[in-house]
Amino acid sequence: MNPGEKRAIADFTDSNVINVIVVHDPADIDIAAFGLDAAKKIADDHYTVLFSNSASPDKSITMSRLDSGTLFSIYPEKVPGHIDRITITATHDTLPLQRATVLKATINNAVTVDAKPHLGDEKAVMLLDLYRHNGAWRLGAVVQGFAGGLAALVTHFGGEVDDGSASSPAPSTPAPAPIPSAAPSAPVSLSKVDLRKQQVGVSLKKAGIEHEKTEVLFVIDGSGSMAKLYSNGTVQETVERIAPVALRLDDDGTMSTWFYASRCKQVEDLTAINLEGFVARTLPSPGAKIGARETGKKGFFGGAVKEGGDSIGYGNNEPVVMNAILDAEPSHRTKPLLIIFLTDGGIDGSTSKEIIAILQRISNRPIFWQFVGVGNANYGVLRKLDTIDGRVVDNAGFFSVDDLSRISDDQLYDRILSEFPAWLKAARAARIMP
């Protein structure tokens, strides 16, 4: 089918499920399905299905990854009446989609829409529509897009972009005139996670590593001096801002996560789907065993603290979590590992010596530590990471911010990724990894 063509679904399949397979290369092109109302606007946040929301509540639209692309399974009889149209889209943070090796949708192995021959400088494109007409479902080949990328696409569908930077876009090829309607807010996954993930891509391109794939691990300071940052929501917001680094860099879009204080604990992996309330849900208490004696203290979120049990304590002990992570590492790693390490400082002389020894000992392994200081406190050796000798390569970076809420996402990602590219180059030159 060429752009503009329409066909009845019944003409080419009698199946009760419509399987749309979008084959795309590069793999980091994001494919999404937007459930729209009769005015072609976002009808319900829950019916926007993408990497951060893999299924609608009733499972009438589901998404799964394939080795060569993305599969949507759509059950028309289950789609609620307020969803009039399902639009399948493709976006990339930095790459004009014309430069993709392949971008093609196949519907029930019977009909194909090949977008690539019809594209120009678009970074976001509507590939096809599945829509209701006179009580039946039809398929329309669209292939219309926006040079502005995901933000322009969200705005076109009536969503709101958090940073307010997106204006009403002009399609690079003619699109149907929008029908006036109340514009609902875009889902959280679109206005925050997805746009931040694309901003990470912009930072990666500036650093010259936009095609790099690496595992990402997150370490969060859970010491007592962080209490205010937990209770006022700063830590949760920081987690939501940093998670897109893993979503963009890591093949499986997950980030192993650890909390530490005097001791440490690994919690559930951070993903796009479990971001909401992640910190309050996973932060180990100073004493989590039921029936343990209460200390009379209150935890970071107001609950009573209990002594004993699964405790990480209150003090700072960076080496304990560094060693625990290394102990859990596979014996032979070939893919690089980026560890983002959030700390409010309080690092004394003996702790500094232990950190130095660890960084020296593992400098021949494909692991880079990016420390982020948030307490304007004593950071000890972290301020002198570039001067540590006795290493095969410089395997750690550090920056501090008095208030994370005062720096923009693009500034945050630029700083997180500022030293990582140089380490990648040095580590490969030293044959630490392929």
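## The largest cavity

About 70 Å³ of space lies in the largest cavity of this predicted model. A cavity here is a set of points, on a 1 Å grid over the protein atoms alone, where a 1.4 Å probe fits but cannot get out. Its volume is the space filled by probe spheres set on those points. Two cavities of 30 Å³ or more are counted.

Lining residues have an atom within 4 Å of a point. For the largest cavity they include Asp30, Ile31, Ala32 and Phe34. Leu50, Phe51, Thr89, Thr91, Leu150, Leu153, Asp194 and Gln198 also line the largest cavity. Strand E3 (30-36) gives the largest share, four residues. Strand E7 (85-91), helix H1 (150-156) and helix H2 (188-207) each supply at least two. Helices (H or I, at least four residues) and strands (E, at least two) are DSSP runs, numbered from the N terminus. By class, the lining has seven nonpolar, three polar and two charged residues.

## The second cavity

The second largest cavity holds about 30 Å³ of space. Met226, Leu229, Thr234, Val235, Thr238, Leu342, Val374 and Leu404 line the second largest cavity. Helix H4 (residues 234-249) supplies the largest share, three residues. This lining has six nonpolar, two polar and no charged residues. Ala, Val, Leu, Ile, Met, Phe, Trp, Tyr, Cys and Pro count as nonpolar, Asp, Glu, Lys and Arg as charged, and the others, Gly among them, as polar.

## The six-stranded sheet

Six strands form an open sheet with mixed pairing, in the order E14-E13-E12-E17-E18-E19. The edge strands, E14 (264-270) and E19 (396-400), each pair on one side only. From one strand to the next, the twist averages 20°. Two strands pair if DSSP finds at least two bridges between them.

Strand E13 (residues 255-260) pairs with E14 in the antiparallel sense, over five bridges. Trp258 stands opposite Gln266 in E14.

## A helix across the sheet

Helix H6 (residues 318-328) lies across E12 (215-221), E13, E14, E17 (337-343) and E18 (367-373). Contact means heavy atoms within 4.5 Å. H6 runs at about 145° to E13. Axes are lines fitted to C-alpha atoms, for helices over the stretch in contact, and angles run from 0 to 180 degrees between N-to-C directions.

## About the model

Residues are numbered from 1 along each chain as its sequence is written, and side-chain values use heavy atoms, with hydrogens and water left out. In this predicted model, local features need pLDDT of at least 70, side-chain atom pairs count only at pLDDT 80 or more, and totals for chains, interfaces and linings use all residues.

How values were computed:
On a 1 Å grid over the protein atoms alone, a cavity is a set of points where a 1.4 Å probe fits but cannot get out, and a pocket is an open set with protein on both sides within 12 Å along at least five of seven lines; lining residues have an atom within 4 Å of a point.
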